[in-house]
Amino acid sequence: MVSAPMDLFVSETTTPSTPLLFAAATSTIGMSTSSSSSICSSEDSPATSFRFELQDVECRSYPSKSLSRAYSYRPLAVLSGHIGSVSCLALCGEFILSASQGKDIIVWQQPDLRLFTKFGQGDGSVKALVTVGSKVFTAHQDSRIRVWKVSRRSENVFRLVDTLPTTKDYLGKFMKQSNYVQTRRHHKKLWIEHADSISCLTVYNGLIYSGSWDKTLKVWRISDLKCLESIKAHDDAINGLVACKGIVYSASADGKIKAWGKEGKSSHSLKGILEGHKDVSLNSVIVSDDGKWVYGGASDGFVMGWEGSYDFLSWKLVSETKAHQMAVLCMCLMGEFLFCGSADKSISIWKREAFGKLSKVGVINGHEGPVKCLQASPNNVGSGFLLYSGGLDKSLRVWWVPKQSPAQNTEEKSISLCS
């Protein structure tokens, strides 16, 4: 692992202490849903954490873009350890979780970027994860959602506590023929089951939403893990989900983002359709904190922007930005910045302007494969914040980005990772 100069991380002299998982409200606004984030808490009493010492620290220099005269984004670290391609990221209190196609999930400490623990080996390729309170929900290629509980009393910090659909849900429905739906020719499943890989998850208002390559959107209640709804949402695979201001947005390979809402105890209903380019897959969707602006990343390299009405009942296309020469695979928002990860191995940085327009700030290079997931951390690190990126090169990379509004012109320079 490559370390960074510690003056980037420390604003005053402190004694490092064991990071505790703390309770806070769940938030999943403004992120790519392959990597939805929230705050993790523990119901158990804390125990002493164990740390892995950094070994074989290597000094490197990476090309970087100067965002202004005084500040530049900085490549801080390359975190290795995953068996397969890094597929999704999520924040969990003072930790960042990364999961891979190799079935493993790694927990890293912030901001010192030390490996804290691993879990989840052998439970199917991980496609998405979200955290809610003291639980972590992981979506897998085997069409199941697994629930992990944080327990600081146990040596195995994250233990598997349930799988969705739950056994209780199965037993309550398997005897009734009307609970079965046709998934393929001569093949039926219970409507509470996904019939293909679960590609994305998001959390909102006590519910978890799962999107799948089987074209359905399912709704789960967090309190008892019961499946409440199954919606035939799209004509092709669902690639991304995000929720904000009572609306759930689903992005699909059918080239559409659909907006879903519910009132009271009623089922979800379609509120609107945001049309992308014809015959072009939409791979990810994000929404601004106020819910007004929706952005979709497409396989033709474009980022599409829509403005929502004050009542979130209609959306107008306001921007079409050619962000990359290859497919946009993931996006995330942090304040006025929008980040796009692409199949061209780069991350583009954009500033959100008036009326939903985007102006280019710079490009981050460093990955040796397509960039599959992005997650920005809201914690201040000096005068900026940390951006995490996971790629098909099996690495998790960490970047420091200044919060100041950058200049339009960029300047090439090299930044050493070692002081």
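## Annotated repeats

An unreviewed UniProt entry carries the annotation "repeat: WD" for residues 191–230 and 364–399. UniProt positions follow the numbering used here, feature names are shortened, and annotations may be inferred rather than shown by experiment. Residues are numbered from 1 along each chain as its sequence is written. The model is predicted: local features need pLDDT of at least 70 and side-chain atom pairs count only at pLDDT 80 or more, while totals for chains, interfaces and linings use all residues; side-chain values use heavy atoms, leaving out hydrogens and water.

Residues 191–230 are 57% strand and 0% helix, with end C-alpha atoms 7 Å apart. For residues 364–399 the figures are 53% strand and 0% helix, and the end C-alpha atoms lie 9 Å apart. Helices (H or I, at least four residues) and strands (E, at least two) are DSSP runs, numbered from the N terminus.

## Salt bridges

The whole structure holds eight salt bridges, each a side-chain nitrogen of Lys or Arg within 4 Å of a carboxyl oxygen of Asp or Glu. One of them joins Arg114 to Asp112 at 3.5 Å, N to O. Asp112 is partly exposed at 23% relative accessible area (buried is under 20%, exposed over 50%, partly exposed in between; 1.4 Å probe, protein chains only).

Lys271 and Glu263 pair at 3.9 Å, N to O. Lys271 is partly exposed at 25%, whereas Glu263 is exposed at 61%.

## A link between loop and strand

Lys292 and Glu307 form a salt bridge of 3.5 Å, N to O. Lys292 lies in the loop between β21 (282–287) and β22 (293–298) and Glu307 in strand β23 (residues 302–308), so the pair ties together parts 15 residues apart in sequence. Lys292 is partly exposed at 32% relative accessible area, and Glu307 is partly exposed at 22%.
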